[in-house]
Amino acid sequence: MAAAAAQHRAFFKMREGRRMGCRGGHFMDCDVLVIGAGLAGLVAASEAAALGRKVIVLDQEGEQNLGGQAFWSLGGLFFVDSPEQRRMGIRDTRELAWQDWMGSSQFDRPEDHWPRLWAEAYLDFAAGEKRRWLHSLGMRWFPVVGWAERGGGLAHGHGNSVPRFHVTWGTGPAVLEPFIRLTREAESRGLVRFRFRHRVDELMTSNGRVTGARGALLKEDPVRRGERSSRDVAGDFEISAGAVVVTSGGIGGNHDLVRRNWPRKRLGQPPATMVSGVPHHVDGRMLEIASRARGSVINSDRMWHYTEGLRNFDPIWPDHGIRILPGPSSFWCDADGNRFSAPAMPGFDTLGTLQAIRDSGHDYSWFILTRAIIKKEFALSGSEQNPDLTGKNISLLLKRLGKNPPAPVQAFMDRGEDFIVRDRLEDLVPAMNALTGENRLSLDHLRQQIEARDREISNPFSKDAQVTAIRGARAYRGDRLLRTAKPHRLLDPKAGPLIAVRLHILTRKTLGGLQTDLSGQVLEQSGEPVPGLYAAGEVAGFGGGGMHGYNALEGTFLGGCIFSGRMAGRGAAGV
């Protein structure tokens, strides 16, 4: 009887081994193990499953976090020469996009070999099949193309020469939807299995090959999406695989790790205080774990943090920050009231402005603007802050053209700790000093600078770079319609009341990461592949260990997750 039972078990183990595959005489739990159930992981899993591979997807968070931080995004995607651009009168080419990318990336290191190749491949994708493919999966885009990250002023330098930021109709959840659908359909066919609350602590290796992962089973925790979950351990696990794809995201939720990797030579000392644009589980653990398996981490000092962060009055995760997506008109000054000079202007050069803030010696800065500006120019980043776009609600969307600020912006004006509203500058400046408790701002100093700026508005000529930029923005009808207020004096009572906004540095994206070739295979420091190990998404610097170089053109983070996830999923599947 015992012998028969043993034969029975051996038969089913053999059949499972044939179904799931085997390597070196060892049966595997799956063909492809994906670590991280965010956007890049879902794309990689769907691609491998489409090729008939058996896939297991692990994530340390619960099922309520399926899709990861992409869920919270505005859903911006970078396309080149799209129908939306052409309808808005935008002339874009692959050559112009490459000029902008190279001027922004500023690749200057020997290890930028693979990142540069990834950048070329990604631009071919963005100018080629990307939109057609995503459209075939059901994605649609808002017809007005946004002009993000306009750069520092030179044609061959950083920034987008033309608008390229395409907001997905339905925002981040709509970007995720096709890939959640594809993986769930594959799950119903037995090709994909999800394993949530599985925290990977080690990559298993055999004879120099990565063969799976082991770690801790975390106790179930019914927190809401994005909330801090427990790390209580209920057991352990071990999963073997033909190939492992790491898609665990970046480091933005781990401020200690951000500070440890901060580029001090370029941006000075790291801030003592920051707000988080990503949930706490974006912790960077897998970078170290993959490096112990001989994976090469490069460009760890390249990162992308925003300078227009607000403290969320209704936080979901620790230190929860929301980013303002500003139009070009707000007066921007440091904590001492000194106006920033170009290219540190709203919406132009993110890291240039971050450097200016750090050079000031403070962790925060100020916008001063009018109700006329905030009504037209302020948007808040994220799916939850844009219920009209996320809910595909046209009637709600049309209210953006009304007389009042959008409801999420008004909520921050009413409840956010960083907003001050007063009728006169004489009342605004004392309130700004009271908010910080530092008494740094001088009424006379601010008035002198604002009045000088206002004098430049009185005729169509100006030497002020920001005033010129405002007029340039209004030459694009998308900005004139939705994103740029009519030029006016900040101290004009008819445009009031005056509004001051304290801006925090907000952590967001990791631009470096695991070095990969164009198949997504992780490389050692020597440049040799690590057999069985692949990576995609933010943990791989969105491709190659940092395809953006030093700067991003925006709309390229979600797109980078999709493209690198696609390549790594196919690579891990043996294609």
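**Note on cavities, aromatic pairs and nonpolar cores**

1. The second largest cavity has a lining made up of Ser-329, Ile-373, Arg-453, Ile-470, Ala-485, Lys-486, Pro-487 and His-488, and it holds about 30 Å³ of space. A cavity here is a set of points, on a 1 Å grid over the protein atoms alone, where a 1.4 Å probe fits but cannot get out, and lining residues have an atom within 4 Å of a point. Grid points are joined across faces, edges and corners, with the volume taken as the space filled by probe spheres set on the points. By this rule there are 2 cavities of 30 Å³ or more.

2. The model is predicted, so that local features need pLDDT of at least 70 and side-chain atom pairs count only at pLDDT 80 or more, while totals for chains, interfaces and linings use all residues. Residues are numbered from 1 along each chain as its sequence is written, and side-chain values use heavy atoms, with hydrogens and water left out.

3. The structure contains 21 aromatic pairs, where rings of Phe, Tyr and Trp (its six-membered ring) pair if their centres lie within 6.5 Å, planes under 30 degrees apart being stacked, over 60 edge-to-face and the rest tilted. Tyr-122 and Phe-125 form a tilted pair, because their ring centres are 6.4 Å apart and their planes stand at 50°. These two residues lie 3 residues apart in helix α5 (residues 113–127), and are therefore separated by about one helical turn; helices are DSSP runs (H or I, at least four residues) numbered from the N terminus.

4. Phe-125 also pairs with Trp-133, with ring centres 6.3 Å apart and planes at 55°, so this pair is tilted. Both Phe-125 and Trp-133 are buried, that is, under 20% relative accessible area with a 1.4 Å probe and protein chains only. Ring pairs join Phe-78, Trp-101, Trp-118, Tyr-122, Phe-125, Trp-133, Phe-179 and Phe-563 into a cluster.

5. Arg-566 lies over the face of Trp-133, 4.2 Å from the ring centre, and the charged end of Arg-150 sits over the ring of Phe-348, 5.8 Å from its centre. The criterion is NZ of Lys or CZ of Arg within 6 Å of the ring centre and within 35 degrees of the ring normal.

6. The largest nonpolar core has 139 residues, of which Leu-33, Leu-39, Leu-134, Phe-179, Leu-203 and Val-501 touch the most other members. Its largest share, 8 residues, comes from helix α2 (residues 39–50). Such a core is a set of buried Ala, Val, Leu, Ile, Met, Phe, Trp, Tyr and Cys residues joined through side-chain atoms within 4.5 Å.

Technical notes: Buried < 20%, exposed > 50% of the residue type's maximum accessible area, 1.4 Å probe, protein only. 1 Å grid on protein atoms, 1.4 Å probe; cavity = no way out; pocket = protein on both sides within 12 Å on 5 of 7 lines; lining within 4 Å.
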